[in-house]
Amino acid sequence: MSHHSNFLEINKKNLIFNYNYLNSLSDKNLTAATIKANAYGLGDIEAFKMLYNAGCKHFFLATFDEAIRIRKKYSYGFLYILNGINKDNIKKILREKNIIPIINSIDQLKLLNKKKLNNYKKFNFGIHIDTGINRLGINISDLQKITSTHKIKIIMSHLSSADESNNYYNKLQNNRFKKAVSSFKNIEILSFANSAGIKLGKEYLYNLTRPGIALYGGHNNTELRKKIKPVIKLKAEIIQIKKINKNQYVGYNQTFKTKKNTVIAIIAIGYGDGLPRSLSNNGYVYYKKKKFKIIGRVSMDTCTIDITRYHKFLKIGKFVDIINYQYDVEKFAKKCSTISNEILTSITPRVKRIYI
């Protein structure tokens, strides 16, 4: 069995708890799962399997490659491609069962409606309406241009500020969405709410919600923090311990100088694994209830911690926590001046995923 010097531990029970909790908030509507970007770094194949077995049947991905990765393993479930179609992948998408492209522009719609595609059987697609985020989506002023012989299965939009429950823009977007979808008839699925949007109120739920980060233990300090359970621990091994004297430098560019004789431990995780360089001389790791400061620059493969006070307590081969259930991904993200979404998706493939 190969030895891994760092790993991401994923709690399957807590992930399913989070899905069931979010599903309970959806007021008997459908609850999808957003598993794009390798299920926010936790592993899309495993996440799909767990969530499907928990009752989820609708899954959102960003690209066709992400969808086909799931489809090669599993033939069931509805897979929605948020980035839509292009001339290179459209015929491949049409051949696949229940892979549903979300059309984001009139140009994509024209590509879908080309005569040379008429040999393909009618299939389902979705429409993304831009209600004010000015990212992906068809402008409301262009909705009258939407015609197709294929079936519109889903119409969706995306909230810009769902994590700010009192932001007026949420209501503005919802009013725009409500008005826009009223001109369509017999649409099977209407979807608006992401993770934080689920807590904004019933008027945002429609009949399918599509949580993402909350499934994986993130809550962006919204109301969800009261219930969402942490899902991951990020751990790294101590691979060397050494004693250095006063007035010695640690790491690149002499950014840390010892003020006394110091015992340091080198741990096997760095920015090549997804540990942000912003934690240089700034972050901490944990062993049981004890906290150890990162000193010097975070390197590609390692970082260094000061263990002087507890050097008899820590040994080579011990694993320290970078993220755990007490110092969770939200606290870690705040320390790094970013969001939990970025932290999770930045953990690189060489970090072993372990499911417990």
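User: In which loop is Ser299 found?

Analyst: Ser299 is found in the loop between strand S15 (290-295) and strand S16 (303-306). Helices (H or I, at least four residues) and strands (E, at least two) are DSSP runs, numbered from the N terminus. This is a predicted model, in which local features need pLDDT of at least 70 and side-chain atom pairs count only at pLDDT 80 or more, while totals for chains, interfaces and linings use all residues. Residues are numbered from 1 along each chain as its sequence is written, and side-chain values use heavy atoms, with hydrogens and water left out.

User: Why does Ser299 count as buried?

Analyst: Buried means under 20% relative accessible area, exposed over 50%, and partly exposed in between (1.4 Å probe, protein chains only). Ser299 has 16% relative accessibility and therefore counts as buried. Contact means heavy atoms within 4.5 Å; not counting residues up to four places away in sequence, Ser299 touches Tyr252, Gly270 and Tyr271.

User: What makes Lys235 a buried residue, and which side chain does the side chain of Lys235 join in a polar contact?

Analyst: Lys235 lies in strand S12 (residues 232-244). Its relative accessibility is 15%, so Lys235 counts as buried. A polar contact is a pair of N or O atoms within 3.5 Å; within protein, one must be able to donate a hydrogen and the other to accept it, and residues adjacent in sequence count only if both atoms are side-chain atoms. The side chains of Lys235 and Asp321 are joined by such a contact of 2.7 Å. Leaving aside neighbours within four places in sequence, the residues in contact with Lys235 include Ser5, Phe7, Glu9, Phe319 and Asp321. Glu9 is 226 residues away along the chain, and the C-alpha atoms of Lys235 and Glu9 are separated by 7.8 Å.

User: Why is His150 called buried, and what does the side chain of His150 reach?

Analyst: The relative accessible area of His150 is 9%, and therefore this residue is buried. His150 has its place in the loop between strand S8 (138-139) and strand S9 (151-156). The side chain of His150 reaches the backbone nitrogen of Phe123 at 3.3 Å.

User: What makes Gly132 buried, and which residues is Gly132 in contact with?

Analyst: Gly132 has 12% relative accessibility, so it counts as buried. Gly132 lies in the loop between strand S7 (124-130) and S8. Its contacts, leaving aside neighbours within four places in sequence, are with Tyr169, Gln173 and Arg176.

User: Which residues touch the most other members of the largest nonpolar core?

Analyst: A nonpolar core is a set of buried Ala, Val, Leu, Ile, Met, Phe, Trp, Tyr and Cys residues joined through side-chain atoms within 4.5 Å. The largest such core has 101 residues, of which Ile35, Leu51, Ile155 and Ile322 touch the most other members. Apart from this core lies another, of ten residues, among them Ala32, Leu82, Ile102 and Ile154. Leu51 is one of the buried residues of H3, and among the residues that Leu51 touches, not counting those up to four places away in sequence, are Leu15, Ile16 and Tyr19.

User: In what sense do S4 and S5 pair, and what makes a crossover right-handed?

Analyst: Two strands pair if DSSP finds at least two bridges between them. Strand S4 (residues 58-61) and strand S5 (residues 78-81) pair in the parallel sense over four bridges, with Ile81 in S5 as the bridge partner of Leu61. A crossover is right-handed if, with the strands pointing away from the viewer, the path from the first strand over the helix to the second runs clockwise. S4, helix H4 (residues 64-73) and S5 make a right-handed β-α-β unit. The chain then crosses from S5 through helix H5 (residues 90-95) to S6, and this β-α-β crossover is right-handed. S5 and strand S6 (residues 99-103) pair in the parallel sense over three bridges.
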